[in-house]
Structure formats: structure tokens, C-alpha cells
Amino acid sequence: MMDPMANLDGGAAPGADADASSSTKDVFDPNALTFNLKNIDKIRSFMGIVSGCVAGILGITGILPGLVCFLSLHLLTHISMWAFKMKCDLRAFTRQSWFAYLMTNFQQCALSFMLFWTLFYGLVYLYD
């Protein structure tokens with residue numbers, strides 16, 4: 001996360017050469033990064049649970065429809081976090097590439113999805 005009070009407008013310090021002024025400086029706080037990544041992980045875990053419940057209640061059966069449901073809800077959640085919470089600036093909050101942002105804890109989220117998908121499908125459609 002960048003510090004807005006650090007005066008990072010790209011201006012050169014007195015006596016600095018032209019090459020140093022062209023590169024932008026970035027303030028990095030490891031505690032803020034850890035806090036952001038933990039919150040993103042909580043949202044991902046919750047997304048896996050809720051999307052599994054939705055898939056089970058809707059009665060989705062089969063590998064392909066379940067995979068489409070999971071991937072679409074996974075992408076929707078990540079794009080929503082990027083657009084609304086991060087204000088379309090991924091690097092300022094996570095220091096990750098887009099691929100790493102989308103694939104971090106993907107397996108954990110998918111397993112939570114499958115667990116709650118089968119649980120809620122079994123609870124709702126027990127007597128069908």
C-alpha cells in the first residue's frame with residue numbers, strides 16, 4: 001500500500017541527476033500487505049462456502065455445470081474486490097500479478113465449494 005503522505009509526485013530532489021528523477025519511488029509497508037492478503041483470503045474462503053451453498057440449493061448436478069458455476073462466481077468475486085475495494089489498483093494492495101491474484105488459494109476455495117455444494121444438495125434434495 002502506498003503512503004499518500006510520502007510526496008511521491010515524481011519530482012527530483014535538489015542535486016539529483018535526471019535518471020534518478022525519472023524513476024518513481026514506492027513506499028512499501030509489509031504489515032499493510034499482510035493485512036490486505038489476510039482479508040482477501042477471508043473473502044475467498046467465504047466466497048467458496050457461499051457459492052457452494054448456492055450451487056447446492058439450485059440443484060446443480062454434474063462436473064461441467066458445477067465447474068462453470070464455481071469459475072463464474074470466483075471471477076465475479078475477484079473482479080468485484082478489484083473494482084470496488086481496490087479501486088482498480090491491484091499492485092497498490094497486493095503486489096501480485098493478475099494470475100497470482102486469481103490463483104492464490106484456488107484449490108482451497110474449490111474444495112470448500114465442493115464440500116458445501118454436496119452438503120446443501122443433500123440437505124435440500126433429500127427426498128427427491
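Two rings of Phe, Tyr or Trp (its six-membered ring) form a pair if their centres lie within 6.5 Å; planes under 30 degrees apart are stacked, over 60 edge-to-face, and the rest tilted. This is a predicted model, in which local features need pLDDT of at least 70, side-chain atom pairs count only at pLDDT 80 or more, and totals for chains, interfaces and linings use all residues. Residues are numbered from 1 along each chain as its sequence is written, and side-chain values use heavy atoms, leaving out hydrogens and water.

**First stop: the rings.** Select Phe 70, Phe 106, Phe 113 and Trp 117, which ring pairs link into a cluster. The count of aromatic pairs comes to six. For one of them, pick Trp 98 and Tyr 101: their ring centres are 5.5 Å apart and their planes at 85°, so this pair is edge-to-face. Both sit in helix H5 (residues 98-103), three residues apart, about one turn of the helix.

Colour by accessibility next (buried is under 20% relative accessible area, exposed over 50%, partly exposed in between, with a 1.4 Å probe and protein chains only). Trp 98 is partly exposed at 37%, while Tyr 101 is buried at 0%.

**Second stop: H2 and H6.** Now show helix H2 (residues 30-58) and helix H6 (residues 106-124). Their axes (lines fitted to C-alpha atoms over the stretch in contact, with angles from 0 to 180 degrees between N-to-C directions) lie 7 Å apart at about 30°. That makes H2 roughly parallel to H6, a term for angles under 35 degrees.

Terms used: Helices (H or I, at least four residues) and strands (E, at least two) are DSSP runs, numbered from the N terminus. Angles under 35 degrees count as roughly parallel, over 145 as roughly antiparallel, 65 to 115 as roughly perpendicular and the rest as oblique.
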